[in-house]
Amino acid sequence: MSPADISDRLEIQDLLTRYCHALDRRDWNAFSRVFTADATIDFTAFGGPRCGVGAMREFLQNVLAHMQSTQHTISTIQIDLAGDEARVQTAATVPMVTGTADGGSQILFSGLWYHDHLLRTANGWRIHERVQEKSWSYRVTGNT
């Protein structure tokens with residue numbers, strides 16, 4: 001593996017991490033910056049839309065407004081580099097905490113895969129296409 005390949009892989013892992021932090025911090029400007037301007041994002045596997053960055057940002061703002069907290073984690077990142085493009089498959093686990101009507105809380109755990117097509121841009125690597133694939137989900141209700 002060349003030094004350039006190692007650098008690309010580290011930059012791509014950093015990009016994927018910035019996506020997770022942007023969502024959990026509700027930093028919508030940082031969220032938008034991980035994508036190309038003409039990116040397509042497909043979250044239909046969990047009932048979400050297939051749309052561009054602006055519409056996805058609005059969708060996620062509405063969904064996450066009902067969450068007390070979230071914590072996106074990623075692992076087992078597989079990166080296939082091809083010049084200025086990369087195909088990336090990443091496992092993700094996302095616990096999401098919401099309140100219940102009786103003052104308790106519930107946690108929804110989602111396991112999924114992100115399938116990404118990335119492009120190298122003048123501003124670094126960016127996600128050009130992201131597709132979620134549902135793996136599993138589990139809900140826990142109680143006092144947390």
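## Briefing on a predicted model: loops, pocket, core and cysteines

Threonine 100 is partly exposed, with a relative accessible area of 23% (buried means under 20%, exposed over 50% and partly exposed in between, with a 1.4 Å probe and protein chains only). The model is predicted, so local features need pLDDT of at least 70 and side-chain atom pairs count only at pLDDT 80 or more, while totals for chains, interfaces and linings use all residues. Residues are numbered from 1 along each chain as its sequence is written, and side-chain values use heavy atoms, with hydrogens and water left out.

**Threonines in loops**

- Threonine 100 belongs to the loop between strand 5 and strand 6 (helices, H or I of at least four residues, and strands, E of at least two, are DSSP runs numbered from the N terminus).
- Not counting residues up to four places away in sequence, threonine 100 touches Ser105, Gln106 and Thr141 (contact means heavy atoms within 4.5 Å).
- Threonine 100 and threonine 141 are 41 residues apart along the chain, and their C-alpha atoms are separated by 8.5 Å.
- Threonine 44 is found in the loop between strand 1 and strand 2 (50–51) and is partly exposed, at a relative accessible area of 45%.
- Leaving aside neighbours within four places in sequence, threonine 44 is in contact with Pro49 and Arg50.
- A distance of 20 Å separates the C-alpha atoms of threonine 44 and arginine 87, which are 43 residues apart along the chain.

- Arginine 26, in the loop between helix 1 and helix 2, has a phi near 55°, a positive value in a residue other than glycine.
- The relative accessibility of arginine 26 is 24%, which counts as partly exposed.
- Threonine 76, placed in strand 4 (residues 73–82), has a positive phi of about 40° although it is not a glycine.
- Threonine 76 counts as exposed, at 56% relative accessibility.

**The largest pocket**

- The largest pocket has a volume of about 380 Å³ (a volume is the space filled by probe spheres set on grid points, which are joined across faces, edges and corners).
- On a 1 Å grid over the protein atoms alone, a pocket is an open set of points where a 1.4 Å probe fits, with protein on both sides within 12 Å along at least five of seven lines; lining residues have an atom within 4 Å of a point.
- Its lining holds 19 residues, of which Phe46, Leu60, Val63, Met96 and Gln132 lie nearest the centre of the pocket.
- Two or more lining residues come from each of helix 1 (3–25), helix 3 (53–64), strand 5 (85–99) and strand 6 (105–121).
- The lining comprises 14 nonpolar residues, five polar and no charged (Ala, Val, Leu, Ile, Met, Phe, Trp, Tyr, Cys and Pro count as nonpolar, Asp, Glu, Lys and Arg as charged, and the others, Gly among them, as polar).

- Phenylalanine 31 touches Tyr19, Ala22, Leu23, Val53, Met56, Arg57 and Leu60, not counting residues up to four places away in sequence.

**Cysteines**

- The structure holds zero disulfides (a disulfide is a pair of cysteine sulfur atoms within 2.5 Å).
- The cysteine sulfur closest to that of cysteine 20 is in cysteine 51, at 18 Å, too far for a bond.
- Cysteine 20 is buried, with a relative accessible area of 5%, and cysteine 51 is buried at 16%.
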